Amino acid sequence: MNSKKVSELLGVSTDTLRYYERIGVIPPVKRDHNGYRVYQTNDLNWIFLAKSLRSAGLSIESLIEFATLARKGGAVRQAQKDILHEQLTILNEKLKEMQDTQALLKYKIDTFDEHLAKFDAGEMTADNAEKLWQKPYLKDNHKGE
């Protein structure tokens with residue numbers, strides 16, 4: 001598969017494909033007799049993985065380290081797995097933060113009119129407003145710090 005088709009298939013610009021290969025985010029891509037890149041399934045997997053991990057926040061440096069370790073093979077495979085595990089942990093933390101923020105936004109939307117009415121009626125003031133940092137919007141109602 002050529003660069004243009006890979007770009008269209010995976011939603012990555014051809015410039016990004018060349019950049020990822022040049023800096024070592026993906027292994028070198030085989031070339032045909034005219035010097036054009038010919039992407040194979042494994043190359044597409046590398047590109048998809050790199051794109052996904054970048055979208056999740058993994059640094060270019062970590063991707064380069066991961067790809068470099070892959071080329072070494074053997075005993076360094078555990079180090080590769082450790083990079084993936086670390087990224088999964090970070091991603092899970094981000095997901096939890098996003099889910100909490102989603103719950104907060106939903107709560108604020110659901111209670112918006114009620115809270116405004118309480119403020120307008122004098123039932124709620126700046127001094128006795130709810131304490132959002134205690135996370136009253138979470139179903140299990142665990143308290144934040």
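What are the helix and strand contents of the chain over residues 1–69, and how far apart are the end C-alpha atoms? In this predicted model, residues 1–69 are 62% helix and 0% strand, with 26 Å between the end C-alpha atoms. The stretch corresponds to an annotation in UniProt, where an unreviewed entry lists residues 1–69 as "domain: HTH merR-type". The domain assignment divides the protein chain into domain 1, covering 1–72, and domain 2, covering 93–144. The C-alpha centres of domain 1 and domain 2 are separated by 44 Å.

Helix 1 spans residues 3–10, and its buried residues include Ser-3, Val-6, Ser-7 and Leu-10. These residues lie on the same side of helix 1, because the arc they cover around the axis is only 100 degrees. Such an arrangement follows a general rule: an α-helix has 3.6 residues a turn, so residues three or four places apart point the same way. The face of helix 1 turned away from the buried side carries Lys-4, Lys-5, Glu-8 and Leu-9, which are exposed. Helix 2 (14–23) and helix 3 (41–55) are among the elements that cover the buried residues of helix 1. At the N-terminal end, helix 1 is capped by Asn-2, with a side-chain oxygen 3.2 Å from the backbone nitrogen of Lys-4. Just after helix 1, Gly-11 has a positive phi of about 70 degrees.

Helix 2 was examined in the same way. Its buried residues are Leu-17, Tyr-20 and Glu-21. Because they cover an arc of only 95 degrees around the axis, they fall on the same side of helix 2. Asp-15 and Arg-22, on the other side of helix 2, are exposed. The packing partners of the buried residues of helix 2 are helix 1, helix 3 and helix 4. Just after helix 2 comes Gly-24, with a positive phi of about 95 degrees.

In soluble globular proteins, nonpolar side chains tend to be buried together. In this model the largest nonpolar core has 21 residues, and those with the most contacts inside it are Val-6, Val-25, Ile-26, Tyr-39 and Ile-47. Two or more residues of this core come from each of helix 1, helix 2, helix 3 and helix 4 (60–72).

Ser-55 is in helix 3 and is exposed, at a relative accessible area of 64%. Ser-55 and Arg-37 are 18 residues apart in sequence, and their C-alpha atoms are 25 Å apart in space. Ala-56, in the loop between helix 3 and helix 4, has 15% relative accessibility and therefore counts as buried, the limit being under 20%. Leaving aside neighbours within four places in sequence, Ala-56 is in contact with Gln-87, Leu-91 and Lys-94. Lys-94 is 38 residues from Ala-56 along the chain, and the two C-alpha atoms are separated by 9.1 Å.

Helix 5 covers residues 77–121. Gln-80 lies in helix 5 and, at 10% relative accessibility, counts as buried. Apart from neighbours within four places in sequence, Gln-80 is in contact with Trp-46, Phe-66, Leu-69 and Ala-70. Gln-99, also in helix 5, counts as partly exposed at 49% relative accessibility. Between Gln-99 and Ser-3, which are 96 residues apart in sequence, the C-alpha to C-alpha distance is 37 Å.

The segment after helix 5 includes Lys-135. Most residues other than glycine have a negative phi. Lys-135, a residue other than glycine, has a positive phi near 55 degrees. At 21% relative accessibility, Lys-135 counts as partly exposed.

Terms used: Residues numbered from 1 in each chain as written. Predicted model: local features only at pLDDT ≥ 70, side-chain atom pairs only at ≥ 80, totals over all residues. Heavy atoms only, no water. Domains from an automatic or database assignment. UniProt positions renumbered as here; feature names shortened; annotations may be inferred. Helix = DSSP H or I, 4+ residues; strand = E, 2+ residues; numbered from the N terminus. Buried < 20%, exposed > 50% of the residue type's maximum accessible area, 1.4 Å probe, protein only. Arc of directions from axis to C-beta. Contact = heavy atoms within 4.5 Å. Polar contact = N/O pair within 3.5 Å; in protein donor to acceptor, adjacent residues only side chain to side chain. Core = buried A, V, L, I, M, F, W, Y, C linked by side-chain atoms within 4.5 Å.
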